[in-house]
Amino acid sequence: MIPLERERSLAGAERVVRAFIAQQGWSARIDSSDTGLQGALCMVHDADGEAIGSGFGKGEPEAARVGALYEAVEHIYANSCAPQERVELRAATQLFADPRYAALPFVAEFGRQASRQLSCLCYRRFFDESDGDALAVPAFLCRPNALADLLPGDDFDYASVIRYGSNSGTAIGASLEEAAVHAIGELIERDSWSLFLLAHYLGDASSFGAWVDPGSLPESVAAVHAAASEQLGREVLLIDATSDLGVPAFIATTDRILDGEAVFPSGYGASLYAGHAAIRALTELVQTVLVGQRLATVGEYSRQVLQALSEYPKLRACAYFQVERQRMRQTDWSYPQRERQPPSALLRELIVTLAGRGIDVHHLVHHREGDAFCVVSCVSLELERFLLVTTGMVMAPGRRGMALLTGGLPVRAMRDASVETSAG
């Protein structure tokens, strides 16, 4: 059986990626268990035994194993500059004057450094191979290690903006279309995550996000919800965080933390298939807990994050992520089933849906390995990046986040919009 949003069966996908790894002279080691929902960890080593990539997988054992393998390969190519990637210098004043950058919370910095230049990557629209509407994306914004590969002549001072850099929106798939569906899903889920943080900890918690009554969940989601709760030994809360974008998005967390956990664990998911989005959030929650139990560095990192935000109580609360259910609305599951579609159709629907909300998406291919796989990065300058506060950074919301806090985002209509889109 081929999983939703994919073009190959799990067995077929595993054969392809293992054959590629072997052809490179690399080796892969996966750390996972045989039963239960997983938090699989894959390490890829080159021929000399040096670790060159790592990845995590979630869900049932086979899905977690294959997911970890692919994510490890994704990270190998996403973290380095490929020969085909076009990097060019752009004047900061040019970006400051372009309305496409206006939603960024630090856009004023382009104006303050108007006489300076910065390294940018060339991103294109989907379904348009021309350079006519290409977008110059500052390299630091989509590749966290970009400062190590700046072009000669780049004299921009990144001190006040580097915190906004993230590789969100990068994914691997059997084709460009498959990879892009997952990359855009990640952008949407993290926009929803950002909006939830802003509403719950800095604004009106009842204005965004609703706790889903477990008794109303469809059978497939209810089974994973129950399995996650039993495996973690505590109550699991599933939160509908679908925004005005109309693409179902969910957050999963727990009612309490255990000894050794520095913050409340969480998982996230977004997809045109509502049930798939919810299951992704639930399985990612379990993955987060299991990885934290396996790697002591995870807990230490969380403690460092809380310490870094100690002077900012509301921002620290975002990272601690204790959800106050009584301050939220409660809802029943009301998403209808939708027909299975190939990634090419899903990609076109996502692009059209987002465009209808004034959201543009551009992409850059990091690596294409024939018919085996494609690694792509997608960006949308309008979608929120406030979630980076959970990494210990003092963040400001962008235009969407400010609109939510000031009542300018149509939050009351979000639930209805999500149901309409889900009906497909």
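Reader: What percentage of the 424 residues of the protein count as buried?

Author: This is a predicted model. A residue is buried if its relative accessible area is under 20%. Of the 424 residues, the share that passes is 54%.

Reader: Which radius of gyration does the protein have, and what would a compact globule have?

Author: The C-alpha atoms fill a box of roughly 60 × 55 × 45 Å along the principal axes. A compact globule with 424 residues would have a radius of gyration near 22 Å. The protein agrees with that, at 21 Å.

Reader: How many helices and strands does the secondary structure come to?

Author: Both kinds of element are present. The count is 13 helices and 14 strands.

Reader: What part of the accessible surface belongs to carbon and sulfur atoms?

Author: The accessible surface of the protein comes to about 17600 Å². Carbon and sulfur atoms hold 50%.

Reader: How far apart do the centres of the positive and negative side chains lie?

Author: The protein has 37 positive side chains and 53 negative ones.

Reader: Which residue in the turn between β1 and β2 has a positive phi?

Author: Strand β1 covers residues 27-31 and strand β2 covers residues 38-45. They pair in the antiparallel sense over 5 bridges, and Asp31 has Leu41 as its bridge partner in β2. The two strands form a hairpin with 6 residues between them. At about 75°, the residue with the positive phi is Gly36.

Reader: Over how many bridges do β4 and β5 pair?

Author: Strand β4 spans residues 87-91, and strand β5 spans residues 117-125. Ala91 finds its bridge partner in β5 at Gln117. The strands pair in the antiparallel sense, and the number of bridges is 5.

Reader: Which residue in β6 is the bridge partner of Tyr123?

Author: β5 also pairs with strand β6, residues 135-138. That pairing is antiparallel, over 4 bridges. The partner of Tyr123 in β6 is Leu135.

Reader: Which residue in β13 is the bridge partner of Arg125?

Author: Strand β13 (residues 362-369) runs antiparallel to β5. The two are joined by 2 bridges. For Arg125, the partner in β13 is His362.

Reader: Is Thr283 buried or exposed?

Author: Thr283 is found in helix α8, residues 274-294. Beyond four places in sequence, Thr283 is in contact with Leu37, Gln38, Lys58, Gly59 and Val224. Its relative accessibility is 7%, and the cut-off is under 20%, so Thr283 counts as buried.

Reader: What distance separates the C-alpha atoms of Thr283 and Met1?

Author: Thr283 and Met1 are 282 residues apart along the chain. Their C-alpha atoms are separated by 19 Å.

Reader: Why does Leu405 count as partly exposed?

Author: Leu405 is found in helix α12, residues 399-405. Leaving out residues up to four places away in sequence, Leu405 touches Leu198, Leu202, Gly203 and Pro397. Leu405 is partly exposed because its relative accessible area is 32%.

Reader: What distance separates the C-alpha atoms of Leu405 and Ala222?

Author: Along the chain, Leu405 and Ala222 are 183 residues apart. The separation of their C-alpha atoms is 33 Å.

Note on methods: Residues numbered from 1 in each chain as written. Predicted model: local features only at pLDDT ≥ 70, side-chain atom pairs only at ≥ 80, totals over all residues. Heavy atoms only, no water. Pairing = 2+ DSSP bridges. Rg over C-alpha atoms; globule rule 2.2 N^0.38 Å. Buried < 20%, exposed > 50% of the residue type's maximum accessible area, 1.4 Å probe, protein only. Areas by Shrake-Rupley, 256 points an atom, 1.4 Å probe, with all protein chains shown as cover. Lys, Arg positive; Asp, Glu negative; His and termini not counted. Charge placed at Lys NZ, Arg CZ, Asp CG, Glu CD. Contact = heavy atoms within 4.5 Å.
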